[in-house]
Amino acid sequence: MSTINFPSHEKICEMVDKLQPEAIEKLKQLVSFDSLLGNEKDVQEYIHEVFNSLGLKVDRVPIVMDEIKDLPGFSPVEWEYNGKENIIGIHEPTPSDYVSNSQKKSLIFNGHIDVVPTGRDSLWEKNPFSPYVKDGRLYGRGSGDMKAGVIAFIIAYKAIKELGFLPASKLMLQTVVEEECTGNGTLACLARGYKADACIIPEPFPQIITAQVGLVWCRVTVQGRPAHVLEMGSGVNAIDGAMYVVAELRKLEEQWNNPQNIHPAFKQFKHPLNFNLGIINGGEWTSSVPCECTFELRAGFYPGADLKKIREELVSVIDKAATDKGLPYQIKWNGFQAEGYLTDPELPMMKALGETYRKALNREPEYSPVLCTTDTRFFGLYYGIPATCLGPESSHIHGIDESVSLESLRDITRVLACFISDWCGLQPAH
Ligand SMILES: [Zn+2]
């Protein structure tokens with residue numbers, strides 16, 4: 001072998017385009033799994049098969065509570081982790097004299113495979129788990145968030161292989177569980193030692209992500225005193241009490257969103273921190289004063305804020321409001337206890353990704369903050385691994401008729417495939 005023609009960005013993009021029908025077919029298959037929380041097993045078996053067929057070594061990484069419960073970033077849950085697994089497809093390069101000119105850095109592509117509940121199915125045009133294509137978009141729960149992203153990195157790797165090449169450094173494709181409630185799936189992979197020089201998570205944002213908010217979940221139970229409504233004054237209404245506590249929390253939300261309090265990374269937003277009342281339960285009988293009301297709140301906060309202090313601030317508002325009304329209460333911190341995370345756009349990885357984007361798509365990338373959390377925080381905050389998101393454009397994620405743009409899926413796949421070449425380097429497959 002004398003000279004090797006390593007594939008140009010153009011050749012890589014051509015191969016990605018050629019594989020687009022397969023990408024759409026595989027995405028349909030992925031979306032047809034109803035991989036809601038606790039039901040991720042079947043889709044992970046499917047992914048295991050796909051990684052096998054690509055010639056990747058496959059590791060199944062269970063979430064083991066004892067391995068992660070004392071680690072920074074851990075979030076508590078109320079269920080058992082028996083049998084919950086993340087799937088990792090691993091490419092280990094073999095020594096080669098023929099490596100494309102690159103720095104040979106290792107890379108993780110990570111994507112979550114769990115999806116959120118569908119809301120009322122009758123509001124959807126079709127069954128949320130019967131994916132279909134219409135006007136260049138693929139519809140279904142999880143299509144954008146983020147099964148298209150998972151397909152993007154699978155097809156990106158396949159495109160390199162089909163060209164007769166392999167990454168010249170270690171590449172790991174990870175599909176994780178539990179992203180939508182804690183991030184403990186990704187944490188379990190890091191705890192097992194899966195690290196790299198960079199991580200990209202193709203969450204449904206077509207911009208390179210520079211900042212994400214932190215967030216906590218809490219469950220507040222307010223106790224009242226039941227009575228017949230004919231003597232309502234002798235009882236204490238737990239639902240009224242909970243509404244009062246929520247109204248006081250809204251005041252705290254407004255304070256955190258006050259223009260002078262907005263974190264510089266989120267200045268472009270009028271209201272970056274959302275308090276979402278996601279679940280509420282209370283009362284037993286329409287003509288009885290309810291004795292208990294429970295609500296679950298998701299509260300956003302800025303990067304750099306101390307999680308403990310944020311919780312203290314929330315507690316002090318809840319405590320004052322409940323005490324005002326003479327209501328006993330309980331607070332439980334379950335699910336997300338996630339710190340905010342900033343990715344400096346000047347990091348070599350961020351610049352390299354922008355450069356690859358420019359070459360692969362012939363246009364300028366955008367760099368942007370997002371108002372949610374993603375698993376990038378674990379890599380960046382606790383393991384010193386620069387991490388960002390860049391994925392296919394989607395709409396109505398967590399809503400009704402969620403969809404993903406297939407053109408954007410192709411574009412992001414092009415970028416990820418070219419990034420394998422630019423970041424990991426390539427070597428001939430044989
Ligand atoms: Zn997501």
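Colleague: Let's start with two helices: what handedness does the crossing of α2 and α5 have?
Modeller: First, this is a predicted model, so local features need pLDDT of at least 70 and side-chain atom pairs count only at pLDDT 80 or more, while totals for chains, interfaces and linings use all residues. Residues are numbered from 1 along each chain as its sequence is written, and side-chain values use heavy atoms, with hydrogens and water left out. Helices here are DSSP runs of H or I with at least four residues, strands are E runs with at least two, and both are numbered from the N terminus. A crossing is left-handed if the near helix is turned anticlockwise from the far one by less than a right angle and right-handed if clockwise, and the crossing of α2 and α5 is right-handed.

Colleague: Which word describes how α2 and α5 lie to each other?
Modeller: Helix α2 (residues 20–31) and helix α5 (residues 143–162) pack with their axes 9 Å apart, at an angle of about 140°. The axes are lines fitted to C-alpha atoms, for helices over the stretch in contact, and angles run from 0 to 180 degrees between N-to-C directions. Under 35 degrees is roughly parallel, over 145 roughly antiparallel, 65 to 115 roughly perpendicular, and the rest oblique. That is why α2 and α5 are called oblique.

Colleague: Which residues of α2 make the contact with α5?
Modeller: Contact means heavy atoms within 4.5 Å. From α5, the contact takes in Ser-143, Lys-147, Ala-148, Val-150, Ile-151, Ile-155 and Lys-158. The α2 side is made by Glu-22, Ala-23, Lys-26, Leu-27, Leu-30 and Val-31.

Colleague: How many of the 20 residues of α5 are buried?
Modeller: Buried means under 20% relative accessible area, exposed over 50%, and partly exposed in between, using a 1.4 Å probe and protein chains only. Helix α5 is largely enclosed by the rest of the structure because its buried residues number 18.

Colleague: Over at Pro-202, how far is its C-alpha from that of Met-146?
Modeller: Pro-202 sits in the loop between β8 (199–201) and β9 (208–212), and it counts as buried because its relative accessibility is 0%. Beyond its neighbours within four places in sequence, Pro-202 contacts several residues, including Asn-110, Met-146, Phe-153 and Leu-416. Pro-202 and Met-146 are 56 residues apart along the chain, yet their C-alpha atoms are separated by 7.3 Å.

Colleague: How many bridges join β10 to β12?
Modeller: Two strands pair if DSSP finds at least two bridges between them. Strand β12 (residues 292–301) runs antiparallel to β10, with Trp-217 opposite Arg-298 and Val-216 partnered with Ala-299. The bridge count between β10 and β12 is 10.

Colleague: Which residue of β13 is the bridge partner of Val-222?
Modeller: Strand β10 also pairs with β13 (residues 329–332), in the antiparallel sense over 4 bridges. Strand β10 (residues 214–223) is largely enclosed by the rest of the structure, because 7 of its 10 residues are buried. In β13, Val-222 is partnered with Tyr-329.

Colleague: Which residue of β12 stands opposite Ile-280?
Modeller: Strand β12 is mostly covered, with 8 of its 10 residues buried. Strand β11 (residues 275–282) runs antiparallel to β12, and 7 bridges join the two. Opposite Ile-280 stands Phe-295.

Colleague: Last one: which glycine with a positive phi follows α6?
Modeller: Helix α6 (residues 184–191) is largely enclosed by the rest of the structure, because 7 of its 8 residues are buried. Among what covers them are β1 (57–62), β7 (171–176) and α10 (376–383). After α6 comes a residue whose phi is near 100°, Gly-193.
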